[in-house]
Amino acid sequence: MAEITHPPMDQLQDLEFCIDSNPPWAETILLAFQNYILMLGTSVMIPSLLVPAMGGSDGDKARVIQTLLFVAGINTLLQALFGTRLPAIVGGSYAYVIPIAYIINDSSLQQISDRNERFIQTMQAIQGALIVASSIQIVLGYSQVWGLFSRFFSPLGIAPVVALVGLGLFERGFPLLGNCVEIGLPMLLLVIGVSQYLKHVRPLRDLPIFERFPVLICVSIIWMYSLILTASGAYRNKPNTTQLSCRTDRANLISTAPWFKFPYPLQWGPPTFSAGHSFAMMSAVLVSMVESTGAYKAASRLAIATPPPAYVLSRGIGWQGIGILLDGLFGTGTGSTVSVENVGLLGLTRVGSRRVVQISAAFMMFFSTLGKFGAVFASIPFPIFAALYCIVFGLVASVGLSFLQFTNMNCMRNLVITGLSLFLGISIPQFFNEYWNPTHRGLVHTNAGWFNAFLNTIFSSPATVGLIVAVFLDNTLEVEKSKKDRGMPWWVKFRTFRGDSRNEEFYTLPFNLNRFFPPT
């Protein structure tokens, strides 16, 4: 048999900067701004979807986007300093859409005739639900319960989960790109060409600009192209859906955003609390916890770090719970999770530096207070972001599959678990999503609306379904006989903080805080 030329490797070697190494300052600032631009897609799309349904105006939508970006900056900074310390951006999450739609359709809110009053009261109800539901992640994180549960993970069990964190977002890719194919398709082809075929071309001798800044270069070119199409009247007589996707002036963000607005807690008034709303929101908190766990595993690999041990993972989930609490206090209109697209960007640029993400958090807070300037960037047509998602989500999925190198994929047991968890992780959520829309309650439709929202949210998440299937099968099928096949000899050293000497380098708290919060 020929010699194996690609043995399993703890860390990726094809990256320029790891979690603790930093590019030059000018390069770092441009990379941070690139991260900010990429996370705008989700930060604009979620409020654009939810605020009109809540009864809000374009001005309300602009304020919610500003608030979401501001709190995302705070949460990212907290996570990078005191949480997992991985270069992961924390932003708005689609996982919260189903329970928020349940709150929006509450009969007591729908009967309010004044749209502005309905928007305010709905926002207050969402805030109350987020504040209560955040306790789930805070408790599971700081009590180390989530870390204890992670001891059931193995490379075989975690690979489908991380893969589904990327693959499960396929509806945000080409389907949305196709809403304006004359903008989205050139963007997709240009990003592939610039980042892959031109990456070795160096107009500046010491800086591979095409590899480092594909998002900035391609977004600038296609955005200008879309501005020309809009100004020339190319979409004047097109259907409204086409105009919303293609035009650069349809979101009304620039005209309605204030020049300066500093988001502050309870800016929409005091939150209101309802047991049903809170229980429904807890399902999204659980889903975001699973999805973030997968994203942290991918980010650690793309930052040339070791997989976060149980203690660090719990610490990160605890701080993420604090982030959801801040979402509720400030009124972002949705909860938080790790931005999957920005995790993929680490691999696309081959830069996993923590400092880049910390400076990106500063950009989020800065541009969210200067409303007009931030709104200019937020007016980028969404098919441009969808083209980027096709690449970065796919990259995260492939990082998840790379964990399989530590397992025996010539073993039928492993093939069954991997295939079943991947297939059901895509198939079951697709089945649930076919039955759900904001007015119809979904596949589960009992008389208890909160129960419907809870189950529909759980089973609409590919990563959550994948985790349930993969971890259950991996820990019940021939467990003792299959330790080597599952990859446990490699994985076991990353379970504890002291298990690998590199953990201290990557995950030790700053300012010598480990003296007061020693790893357990």
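# Exercises on Salt Bridges, Helices and Buried Residues

The structure holds 10 salt bridges. The model is a predicted one, and the exercises below treat selected features of it.

## Exercise 1

Determine which residue forms a salt bridge with arginine 354, and which parts of the chain the pair ties together.

**Solution.** 

Step 1. The partner of arginine 354 is aspartate 20, and their closest N and O atoms are 3.0 Å apart. A salt bridge requires the nitrogen to be within 4 Å of the carboxyl oxygen, so the pair with its 3.0 Å qualifies.

Step 2. Arginine 354 belongs to helix H17 (residues 354-369), while aspartate 20 sits in the segment before helix H1 (25-54); the pair therefore ties together parts that are 334 residues apart in sequence.

Step 3. Arginine 354, at 8%, is buried. Aspartate 20, at 31%, is partly exposed.

## Exercise 2

State where arginine 350 and glutamate 211 lie in the chain, and decide whether arginine 350 counts as buried or exposed.

**Solution.** 

Step 1. The two residues form a salt bridge whose closest N and O atoms are 2.8 Å apart. Arginine 350 is located in the loop between helix H16 (340-349) and H17, and glutamate 211 in helix H10 (residues 209-212); the pair links distant parts of the chain, 139 residues apart.

Step 2. Arginine 350 has 16% relative accessibility and counts as buried. Glutamate 211, with 4%, also counts as buried.

Step 3. Salt bridges that share partners join Glu211 and Arg350 with Glu16, Glu27 and Arg212 into one network.

## Exercise 3

Identify the helices that hold aspartate 474 and arginine 413, and describe how their side chains meet.

**Solution.** 

Step 1. The side chains of aspartate 474 and arginine 413 form a salt bridge, at 3.0 Å from N to O.

Step 2. Aspartate 474 is in helix H22, and arginine 413 is in helix H20 (residues 412-434); the pair links distant parts of the chain, 61 residues apart.

Step 3. Aspartate 474 has 0% relative accessibility and counts as buried. Arginine 413 is buried as well, at 8%.

## Exercise 4

Describe how helix H14 packs with helix H22, and name the residues that meet.

**Solution.** 

Step 1. H14 (residues 275-302) and H22 (residues 462-474) pack at an angle of about 75°, and their axes are 8 Å apart.

Step 2. Angles of 65 to 115 degrees count as roughly perpendicular. H14 and H22 are therefore roughly perpendicular to each other.

Step 3. On the H14 side, Val287, Val290 and Glu291 take part; they meet Ala463, Thr464 and Leu467 of H22. By class, this contact has 4 nonpolar, 1 polar and 1 charged residues.

## Exercise 5

Examine the span of helix H7 and the burial of its residues.

**Solution.** 

Step 1. H7 (residues 155-167) has 13 residues, which at 1.5 Å a residue should span 18 Å; the end C-alpha atoms are 18 Å apart, in agreement.

Step 2. Of the 13 residues of H7, 12 are buried, so the helix is largely enclosed by the rest of the structure. Among them are Pro155, Ile158, Val161 and Leu164.

## Exercise 6

Examine the span of helix H9 and find what covers its buried residues.

**Solution.** 

Step 1. H9 (residues 181-197) has 17 residues and reaches 22 Å from first C-alpha to last, close to the expected 24 Å.

Step 2. The buried residues of H9 include Ile183, Met187, Leu188 and Val191. The elements that cover the buried residues of H9 include helix H11 (214-231), helix H19 (382-401), H12 and H16.

## Exercise 7

**Solution.** 

Step 1. Valine 351 and asparagine 22 are 329 residues apart in sequence and 8.6 Å apart in space, C-alpha to C-alpha.

Terms used:
Residues are numbered from 1 along each chain as its sequence is written. This is a predicted model: local features need pLDDT of at least 70, side-chain atom pairs count only at pLDDT 80 or more; totals for chains, interfaces and linings use all residues. Side-chain values use heavy atoms; hydrogens and water are left out. Axes are lines fitted to C-alpha atoms, for helices over the stretch in contact, and angles run from 0 to 180 degrees between N-to-C directions. Helices (H or I, at least four residues) and strands (E, at least two) are DSSP runs, numbered from the N terminus. Angles under 35 degrees count as roughly parallel, over 145 as roughly antiparallel, 65 to 115 as roughly perpendicular and the rest as oblique. Contact means heavy atoms within 4.5 Å. Ala, Val, Leu, Ile, Met, Phe, Trp, Tyr, Cys and Pro count as nonpolar, Asp, Glu, Lys and Arg as charged, and the others, Gly among them, as polar. The expected span of a helix is 1.5 Å times one less than its number of residues. Buried means under 20% relative accessible area, exposed over 50%, partly exposed in between (1.4 Å probe, protein chains only).
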